[in-house]
Amino acid sequence: MYKKQMTAQKALCMAAVIVSAAFFLYTLGLMTDLYDSLYDTMRNPNNPMQTDVPGSIIYYAMQAFNRQLLLLSIGQILLSLLLHITNTHSRRRYYIGNFVSIGLFTAGALYNSFYAHINIEEAKRQFLTNLDFAALKEHAEMWGTLYTESTFWFDLHYLVFGLLLLVSALLVANAVWKVNLMKDEAALVEEGRRSAA
């Protein structure tokens, strides 16, 4: 049973690094369509309110959030590496550091998912309701820029953060499994001592 659990914990610690890296890559791509379609609509960089397309201010409005999300994604990567630094991926018995690293990774995943979801859904709402798509289409045809009504980058957060939360939940479940195995092992050792005495 320990062998299966050890295989699972190694896979989960690697998955934690992978989904944290996916979170980082997502933050880099989040503004792609907005930049390609909206940046050129603002004729005066010093005053983003001077625009050819009403509602294109969302591009600037999302900048601070996207910077913050990028920093949070780097933090999540560091928390995933902490799992490896504390040998959570390979340790037969867990110690306090292993539980702390799992707790920190899970807390980070919960906070980041909640923070991202609230802000991305609000940005998506503003994109769909405040942006003048007719003016955007006209601008795109005139200047040869991207025209899109796609919410792909907004919607992709469900997959990215869903995976992050799934890996977090599996890490916690794995830790519970590990604790149960450690208790069973301790009980067997104690029983062996009693029978030897």
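**A cavity and a helix pair**

Okay, let's start inside: the largest cavity holds about 70 Å³ of space. Keep in mind that this is a predicted model. By the rule used here, the count comes to one cavity of 30 Å³ or more.

Now, where do they sit? Two helices, α2 (32-38) and α7 (152-196), each give at least two residues to the lining of the largest cavity. The largest share comes from α7, with three residues.

Let's stay with α7, and bring in another helix. The axes of α1, which is residues 2-29, and α7 come within 9 Å. At what angle do those two axes cross? Roughly 160°. Anything over 145 degrees counts as roughly antiparallel, and α1 and α7 are therefore roughly antiparallel to each other. As for the hand of it, the crossing of α1 and α7 is left-handed. And what about the residues in that contact? The contact of α1 with α7 divides into 24 nonpolar, six polar and three charged residues.

To wrap up, when you look at the model, find α7. It supplies three residues to the lining of the largest cavity, and α7 also crosses α1 at roughly 160°.

Definitions and conventions:
Residues are numbered from 1 along each chain as its sequence is written. This is a predicted model: local features need pLDDT of at least 70, side-chain atom pairs count only at pLDDT 80 or more; totals for chains, interfaces and linings use all residues. Side-chain values use heavy atoms; hydrogens and water are left out. On a 1 Å grid over the protein atoms alone, a cavity is a set of points where a 1.4 Å probe fits but cannot get out, and a pocket is an open set with protein on both sides within 12 Å along at least five of seven lines; lining residues have an atom within 4 Å of a point. Grid points are joined across faces, edges and corners, and a volume is the space filled by probe spheres set on the points. Helices (H or I, at least four residues) and strands (E, at least two) are DSSP runs, numbered from the N terminus. Axes are lines fitted to C-alpha atoms, for helices over the stretch in contact, and angles run from 0 to 180 degrees between N-to-C directions. Angles under 35 degrees count as roughly parallel, over 145 as roughly antiparallel, 65 to 115 as roughly perpendicular and the rest as oblique. A crossing is left-handed if the near helix is turned anticlockwise from the far one by less than a right angle, and right-handed if clockwise. Ala, Val, Leu, Ile, Met, Phe, Trp, Tyr, Cys and Pro count as nonpolar, Asp, Glu, Lys and Arg as charged, and the others, Gly among them, as polar.
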